[in-house]
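Me: I want a close look at one strand of this model and at what surrounds it. Take me through its neighbours, its side-chain pairs and its cover.

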Amino acid sequence: MENLLLLGLLGLGFWFWIDSMNAKERAVAAAIRACREIDVQLLDQTVALESMKPARNRQGHLVWRRIYGFEYSTQGVERRHGRAILRGRVLEQVQVDRDDGTTIEQYE
């Protein structure tokens with residue numbers, strides 16, 4: 001019985017790790033796309049998980065809402081911050097901090 005429980009926990013941990021890697025890949029793709037759209041440079045692999053908490057998706061299922069932060073530069077000198085927000089497997093929005101405020105692109 002203990003072996004079955006241990007195997008289940010290992011399986012759950014493996015699933016969570018794979019799900020987290022897939023979410024990060026989607027966040028990196030969203031950050032790259034957002035930076036291309038506003039003609040700025042995404043800085044060297046700066047996409048990192050900032051927050052993760054449970055939330056409900058549109059169907060009412062419990063999923064993870066992950067906020068990934070990234071940094072970009074307009075002229076190669078100063079660093080600016082942006083965020084890619086995923087609810088489950090769906091990109092919810094991308095936020096980009098600019099001089100005139102935060103630009104928010106809704107996707108969901």
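Reply: Start at a turn. In this predicted model, β2 and β3 form a hairpin with 5 residues between them. Glycine 60 sits in that turn and has a positive phi of about 90 degrees. The two strands pair in the antiparallel sense, over 8 bridges. One point to find by eye is methionine 52, whose bridge partner in β3 is arginine 66.

Now follow β3 to its other end. β3 and β4 also make a hairpin, with 6 residues between the strands. Here glycine 76 takes a positive phi near 80 degrees. Strand β4 covers residues 80–87, runs antiparallel to β3 and is joined to it by 8 bridges. Glycine 69 has arginine 83 of β4 as its bridge partner.

β1 pairs with β3 in the antiparallel sense, over 2 bridges. Look for glutamine 41, which stands opposite serine 73 in β3.

How enclosed is β3? Of the 12 residues in this strand (residues 62–73), 9 are buried, so β3 is largely enclosed by the rest of the structure. In a regular strand, side chains alternate between the two faces of the sheet.

Threonine 46 is found in the loop between β1 (41–42) and β2 (48–56). Leaving aside residues up to four places away in sequence, threonine 46 touches Gly69, Phe70, Glu71 and Arg79. Threonine 46 counts as buried because its relative accessible area is 17%, under the 20% cut-off.

Next, the aromatic residues. A search of the whole structure gives 2 aromatic pairs. One is phenylalanine 14 with tryptophan 17: the ring centres are 6.2 Å apart and the planes stand at 35 degrees, so this pair is tilted. These two residues are 3 apart in helix α1, so about one helical turn separates them. Phenylalanine 14 is exposed, at 52% relative accessibility.

The pair of phenylalanine 16 and tryptophan 64 brings us back to the strand. Their ring centres are 6.1 Å apart and their planes are at 70 degrees, so the pair is edge-to-face. Phenylalanine 16 belongs to helix α1 and tryptophan 64 to strand β3, so the pair ties together parts that are 48 residues apart in sequence. Phenylalanine 16 is partly exposed, at 29% relative accessibility. Tryptophan 64 is partly exposed too, with a relative accessibility of 29%.

Stay on the helix for a moment. Tryptophan 15 is found in helix α1, residues 2–37. Together with Leu5, Leu9 and Leu12, Trp15 makes a nonpolar surface patch of about 450 Å². Tryptophan 15 itself counts as partly exposed, at 43% relative accessibility.

Then the charges. Side chains of opposite charge can pair when their charged atoms come close. The count comes to 7 salt bridges.

Arginine 80 is partly exposed, at 21% relative accessibility, whereas aspartate 99 is exposed, at 71%.

Arginine 83 comes up again here. Its side chain meets that of aspartate 97 in a salt bridge of 2.8 Å, N to O. The two are 14 residues apart and link distant parts of the chain: arginine 83 in strand β4, aspartate 97 in strand β5. Arginine 83 is buried, with a relative accessible area of 16%. Aspartate 97 is partly exposed, at 23% relative accessibility. Shared partners also make a network: salt bridges join Arg65, Arg87 and Glu92 into one.

Tryptophan 64 ties β3 to helix α1 through phenylalanine 16.

Conventions
Residues numbered from 1 in each chain as written. Heavy atoms only, no water. Helix = DSSP H or I, 4+ residues; strand = E, 2+ residues; numbered from the N terminus. Buried < 20%, exposed > 50% of the residue type's maximum accessible area, 1.4 Å probe, protein only. Contact = heavy atoms within 4.5 Å. Patch = residues over 30% accessible without salt bridge, like charges linked within 9 Å, V, L, I, M, F, W, Y side chains within 5 Å. Areas by Shrake-Rupley, 256 points an atom, 1.4 Å probe, with all protein chains shown as cover. Salt bridge = Lys/Arg side-chain N within 4 Å of Asp/Glu carboxyl O. Pairing = 2+ DSSP bridges. Phe/Tyr/Trp six-rings, centres within 6.5 Å; stacked < 30°, edge-to-face > 60°.
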